[in-house]
Amino acid sequence: MQIGAEQRRGAAAFESVDPYTGEPWATAPEATEADVDDAVRAARAAFEDEWGGLTGTARGRLLRRLGEVIAENADDLALAETRDNGKLLREMGGQLRSLPAWYEYYAGLADKIDGRVVDTGRADFFGYVQREPVGVVASILPWNSPLLLLTFKLAPALAAGCTMVAKPSEHASVSILLLAGLFEKAGFPPGVFNTVSGSSRQVGEWLVSHPGVDHVSFTGSEATGSAVAKAAAGHLAPATLELGGKSANIVFPDADPVAAANGLVAGIFAAAGQTCIAGSRGLIHESVYDEIVELVAGRASRIVMGDPKLPETEMGPICFPGQLQKIQKFVQEARDSGARIVTGGDDRGMGGLFFAPTVIADVANDAPVCQEEIFGPVLSMLRFRDEQEAVAIANDSRYGLAAGIWTNDIRRVFRMTGRLRVGTVWVNAYRTLNFAMPFGGVKNSGFGRENGTEGLHEYLRDKAVWIETTGATRDPFVLG
């Protein structure tokens, strides 16, 4: 753990298990409540001292340097993520090589945090609003893309002038702990970025409920996000929550069927479906339903499963046994209810933590497999008759993270994007992200935004300043 200038081993440790081999490959420290308190205090000290005294331009230079150091260590960091969570090394490598652009983008914004002059309605007062960093940020991270999702929080928080304490998932801690060790090399003062790790929920609870935390940013499940928001509210800290999804990928009959089928495959089977934005519901117009199901199932059945470190592998294992059991349970429930398993539904005889890409047809939208976030390689295919029904089915979910639309009708595009209750809509594409485009959900998918200038604003607050300009004295009890 990185706490201030100290790399702390902790009194105890827990193992990280490689999902592909099933064997422990690394250990991480078990944080105590005292460790959490020390980390928050270190972040506070840095915020109020050396880091807080830097200009935006100076922060920007350090952000750029951090991006360079990440690029220099991208291969090692990517391998750590693959060993931790079982995702493809080429995918993790691609993510790591993209991260410097996030830090470059926010480095450019660090010295462009402007306030505004306000007409006070009084000739004897000058008024303005200045934007200030919120302070110490607590970040709770998931296991599926640890460094990418940390960057969504860390880059704008640092640009704003905040400091951070991050708690990685117990299933994928190593890459974030390694990153913390690179901050000194990048030239950051001690305490700007701190980490606490642990195998139980208790470490995260200690962090989120700590009175020294000014803002909480969480990415993870709906249930845990609700608990995080309640704990943060206990000391009136605002929270940014990026939670689950049950996103609809909608195919109209005028779309290119091959492109749409590929988009459906990419939307759910990339990352083995272990992504919040997974397009886990395929909404297909009834006139092309059979064709699209056949195309998608055909490609899904040919997806190469195996060692995530090998370049020819297209899908690795599920991250940990509990997640695999959850996936198996939902698919079995769908099978028992009469849904048709077009392809997949098993491990293809590979054993371990593998689960084959699965396409489920002839299922109703109120089925659990269509309403619950499975977080696995499971695609439910539903029919719709017209645009109105497509919108109704897509919105019939407690989640509202994302949606995809496949059509060549630009008028339909504008109608649909306005009616879908989600935070992101892709048109003739799916699962595309960028540092400049805001990301977040509505409904039970959370609140707040990451990325873009909107992501920067999550870590700033407005201060109103009134300046009396005449020097006159006033008796408060005399009018006029």
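Lys 246 sits in the loop that links strand S11 (239-242) to strand S12 (248-251); strands here are DSSP runs of E with at least two residues, numbered from the N terminus. The model is predicted, so local features need pLDDT of at least 70 and side-chain atom pairs count only at pLDDT 80 or more, while totals for chains, interfaces and linings use all residues. Residues are numbered from 1 along each chain as its sequence is written, and side-chain values use heavy atoms, with hydrogens and water left out.

The Lys 246 side chain does have polar partners. It makes a polar contact with the side chain of Ser 280 at 3.5 Å, and it reaches the backbone oxygen of Val 369 at 3.0 Å. A polar contact is a pair of N or O atoms within 3.5 Å; within protein, one must be able to donate a hydrogen and the other to accept it, and residues adjacent in sequence count only if both atoms are side-chain atoms.

## The seven-stranded sheet

Strand S12 also belongs to an open sheet of 7 strands, ordered S14-S15-S16-S13-S12-S18-S19, with mixed pairing. Strands S14 (340-343) and S19 (424-427) are at the edges with a single partner strand each, so one side of each lacks a neighbour in the sheet. The twist from one strand to the next averages 25°, taken between lines fitted to C-alpha atoms, with angles from 0 to 180 degrees between N-to-C directions.

Within this sheet, S13 (residues 281-285) and S16 (residues 378-384) run parallel and are joined by 5 bridges; pairing requires at least two DSSP bridges. His 285 stands opposite Phe 384 in S16.

## The three-stranded sheet

Another open sheet has 3 strands in the order S5-S6-S22, paired antiparallel. S6 (residues 125-133) pairs with S22 over 9 bridges, and Pro 133 stands opposite Leu 460 in S22.

## Cysteines

How many disulfides does a search of the whole structure find? The count is 0, with a disulfide taken as a pair of cysteine sulfur atoms within 2.5 Å. For Cys 276, the nearest cysteine sulfur is that of Cys 319, 15 Å away. Cys 276 is buried at 11% relative accessible area, and Cys 162 is buried at 0%.

Key. Helices (H or I, at least four residues) and strands (E, at least two) are DSSP runs, numbered from the N terminus. Buried means under 20% relative accessible area, exposed over 50%, partly exposed in between (1.4 Å probe, protein chains only).
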